[in-house]
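Please examine the sequence and the structure shown below. The briefing that comes after them is arranged by topic.

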Amino acid sequence: MSDGSSGRRTPGHADDAAPATGGARPRLDWQVDLRQVLDDLQFFAVVLDLDGRVTFVNRAVAAALGWSPEELVGRDWFATCVPPDQADAVRTSFLAKVGVGAIHRLDENHVQTRAGVRRLVEWSNSTLRNAAGEIVGSASVGLDVTDQRDLEARLRRDARTDPATGLANRLHLMVRLAAAVERGRADDDYHYALLFVDLDRFKVVNDSLGPAAGDELLLAVAGRLATLVGEPDLAARLGADEFCLLLEGAGHERAAELARAVQASFASPVALATGEVFVTGSIGIAPKALSHAAPEDVLRDATSALHRAKALGSNRWEFFKPTMRAGAVQRLRLENDLRRALARGELSLAYQPIVAIADGSLVGLEALVRWQQPERGPVAPSEFIPIAEETGLIVPIGEWILGESCAQLAAWAAQSEAARHLVVNVNVSGRQLGPELLAQVDHALRAASLPPQNLKLEITESVIMDSPTSAAELLRRIKQRGVRVCVDDFGTGYSSLSQLVRLPIDTLKIDRAFVVAMTNDPHTAEVVGSIVALGQSLRLEVVAEGVETEAQRAALARLGCGFAQGYLFSRPLDAEQVAALLREARPAR
Ligand code: C2E
Ligand code: MG
Ligand code: MG
């Protein structure tokens with residue numbers, strides 16, 4: 001700002017001000033002391049001579065920099081108020097331009113306080129001339145923008161960062177992935193790969209140790225992943241326990257190498273405040289493909305590969321293959337058919353007898369769902385139950401199974417004395433474990449007029465152990481009703497003894513894998529022996545499932561296992577066949 005240039009202009013509103021209020025006020029006189037005006041501004045105001053020496057600073061700038069205005073006047077501005085590493089460059093530029101009236105009208109540079117603190121200032125500069133029109137120096141008005149710029153930078157960073165781990169967030173990953181896809185399409189020689197890392201059994205840690213331990217674990221995993229990738233690669237967290245690593249300029253080989261490194265990084269336990277835990281992760285890898293038109297395509301392929309890796313067992317990695325997508329299409333068709341199956345009456349139940357090993361007498365029946373699909377024929381439960389679980393269809397299907405099983409047992413009991421003491425075992429999926437299950441159980445029992453003692457719910461060990469605390473609470477409420485509880489596929493779910501004793505359960509069902517192996521592997525036989533002993537000491541019934549041979553039956557009898565189920569005794573039967581069986585009073589095996 002210069003006296004000369006301001007003086008030449010006469011803003012219209014200033015002259016208009018006086019007449020509006022009638023003569024009492026003094027007229028605005030443009031000969032006011034501009035120094036006083038500048039001194040009052042909140043903005044910084046600095047006037048320098050042609051050598052860069054301070055001829056005027058207002059109070060705002062002096063106070064901000066820790067000087068008094070008098071101390072600064074006469075000093076070399078650049079030597080005094082610009083950080084030493086920048087002073088020479090800024091001075092040289094100023095000196096070269098000021099004399100020829102060429103200084104930048106707007107610029108931004110650092111100043112330094114007397115105590116050595118840097119601040120960023122945005123300046124508006126003008127060339128100062130004297131009355132004769134000769135250049136005599138410069139005047140600058142500045143604003144300290146340090147805080148504003150810090151905030152902007154933080155907001156920019158936050159918008160791209162996952163707050164829990166400090167890794168990139170989904171948005172940032174997608175932006176980077178989009179750029180990689182685009183570059184890959186333009187340049188045949190440019191490759192990329194996306195690794196989708198998902199922690200196995202993270203929910204267990206979260207549920208058993210609490211969310212604080214879960215957060216700690218995620219942070220530790222994020223730290224390990226971050227050390228495995230450097231620029232230009234990117235580590236991101238998509239949500240929950242899902243992480244992505246984007247490799248740029250790298251193909252299959254480096255992707256496989258990185259996958260190996262990720263798994264190796266999980267080899268050592270993670271130290272949490274509550275103790276050490278081990279984690280493993282499954283990885284799906286999507287390398288560059290011609291079919292990638294958008295970042296979502298890459299993520300979709302990596303997700304398909306991840307699902308495959310998980311389906312094949314945890315703690316492994318798989319590359320995406322186009323056949324996985326074909327699998328997805330087939331799955332979608334199956335899912336659509338399954339949606340209609342219930343309404344169209346395509347589902348039915350088979351019942352497999354459960355017998356007392358000692359005398360072969362029938363003690364119960366396990367209800368097993370069957371799906372007769374009109375075009376495909378019978379579809380195995382192992383194929384459609386997981387889809388029903390993922391889509392939530394298991395909830396209405398499960399409700400139907402409960403109702404149908406109870407009604408069927410009640411019908412048998414009405415016809416046959418022998419059926420009255422029988423128990424029907426109904427399998428319940430993890431997705432069904434909620435308060436609605438209680439209402440469904442109540443309704444099924446009431447509708448069938450079946451005493452609760454005749455119903456037993458089978459829940460797999462892994463489902464219970466995925467969230468032991470909430471499962472225990474629900475099981476307690478099931479037990480309160482007099483309905484019994486069986487832990488299915490026992491031996492595969494890593495229950496800890498301490499958790500097991502606290503669970504309100506009645507029956508352990510030994511997984512078929514142990515029964516198969518026990519007759520030729522002494523170690524497995526020992527395991528079965530200890531499960532039986534465990535059951536006895538916790539006063540639980542023990543059922544062995546998948547018994548196919550006399551040798552298995554004999555071995556189980558020797559170990560003291562009370563009950564069994566398997567092809568040796570009977571295959572799953574339809575309702576008619578069970579009715580026929582019940583007509584013989586005490587069916588022999
Ligand atoms: P699960 O509950 O462990 O059921 C036992 C499975 O072993 C049944 O297979 C049964 O047919 C089979 N099995 C019985 N004895 C033998 C044997 O001696 N040898 C062999 N190799 N297999 C035997 P299925 O019916 O195919 O059912 C498979 C799984 O699907 C079940 O395992 C259960 O997890 C699930 N499932 C079946 N029905 C239902 C249901 O109504 N609801 C839910 N949620 N899941 C069900
Ligand atoms: Mg079962
Ligand atoms: Mg089982």
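Two magnesium ions, ligand 2 and ligand 3, lie 4.1 Å apart, and Asp-488 coordinates both.

**Confidence**

- Over residues 1–20 the pLDDT stays under 50.
- For this stretch, the model has 19 contacts beyond four places in sequence.
- Where pLDDT is low, predicted coordinates should not be read in detail.

**The magnesium ion (ligand 2)**

- Four residues coordinate the magnesium ion (ligand 2): Glu-366 through OE, Asn-427 through OD1, Glu-458 through OE and Asp-488 through OD, at 2.0 to 2.3 Å.
- Along the chain, these donors follow the spacing E-x60-N-x30-E-x29-D.
- Glu-366 belongs to strand S14 (residues 362–373) and Asn-427 to strand S16, so this pair ties together parts that are 61 residues apart in sequence.
- Is Glu-366 buried or exposed? Glu-366 is buried, because its relative accessible area is 4%, and buried means under 20%.
- Asn-427, in contrast, counts as partly exposed, with a relative accessibility of 28%.

- Asp-489 lies in strand S18 (residues 484–490) and Glu-545 in strand S20 (residues 541–545), so the pair ties together parts that are 56 residues apart in sequence.
- Asp-489 counts as partly exposed, at 24% relative accessibility.
- Glu-545 counts as buried, because its relative accessibility is 11%.
- Asp-488 bridges the magnesium ion (ligand 3) and the magnesium ion (ligand 2).

**Packing of two helices**

- Helix H9 (residues 170–186) packs against helix H13 (residues 295–311) at an angle of about 105°, and their axes are 8 Å apart.
- H9 is therefore roughly perpendicular to H13.
- On the H9 side, the contact is made by Arg-170, Met-174, Leu-177, Ala-178 and Val-181.
- On the H13 side, the contact is made by Pro-295, Glu-296, Val-298 and Leu-299.
- How many residues of the contact of H9 with H13 are nonpolar, polar or charged? Seven are nonpolar, none is polar and two are charged.

**Backbone features**

- Most residues other than glycine have a negative phi, and most peptide bonds are trans.
- The peptide bond that joins Glu-231 and Pro-232 is cis, with omega about 0°.
- Pro-232 is located in the loop between helix H11 (211–228) and strand S7 (234–239).
- Ala-240 has a positive phi, near 40°, in a residue other than glycine.
- The position of Ala-240 is in the loop between S7 and strand S8 (242–248), and at 46% relative accessibility Ala-240 counts as partly exposed.
- Ser-449 is not a glycine, yet its phi is positive, at about 50°.
- The loop that holds Ser-449 runs between helix H17 (435–448) and strand S17 (455–460).
- Ser-449 counts as exposed, because its relative accessibility is 63%, and exposed means over 50%.

**Individual residues and distances**

- Glu-417 is found in the loop between helix H16 (394–415) and strand S16 (423–427), and Glu-417 is exposed, with a relative accessible area of 59%.
- How far apart in space are Glu-417 and Leu-582, C-alpha to C-alpha? They are 8.7 Å apart in space, although 165 residues apart in sequence.
- His-110 lies in strand S3 (residues 106–112) and counts as partly exposed, at 26% relative accessibility.
- Leaving aside residues up to four places away in sequence, His-110 touches Cys-81, Val-82, Pro-83, Gln-86, Arg-118, Arg-119 and Leu-120.
- The C-alpha atoms of His-110 and Ala-411 are separated by 88 Å, and these two residues are 301 residues apart along the chain.

Conventions: Residues are numbered from 1 along each chain as its sequence is written. Chains are lettered from A and ligands numbered from 1 in the order in which they are written. This is a predicted model: local features need pLDDT of at least 70, side-chain atom pairs count only at pLDDT 80 or more; totals for chains, interfaces and linings use all residues. Side-chain values use heavy atoms; hydrogens and water are left out. Donors are N, O and S atoms within 2.8 Å of the metal (3.2 Å for Na, K and Ca); water is not among the atoms, so sites may look incomplete. Helices (H or I, at least four residues) and strands (E, at least two) are DSSP runs, numbered from the N terminus. Buried means under 20% relative accessible area, exposed over 50%, partly exposed in between (1.4 Å probe, protein chains only). pLDDT is the predictor's confidence in each residue, from 0 to 100. Contact means heavy atoms within 4.5 Å. Axes are lines fitted to C-alpha atoms, for helices over the stretch in contact, and angles run from 0 to 180 degrees between N-to-C directions. Angles under 35 degrees count as roughly parallel, over 145 as roughly antiparallel, 65 to 115 as roughly perpendicular and the rest as oblique. Ala, Val, Leu, Ile, Met, Phe, Trp, Tyr, Cys and Pro count as nonpolar, Asp, Glu, Lys and Arg as charged, and the others, Gly among them, as polar.
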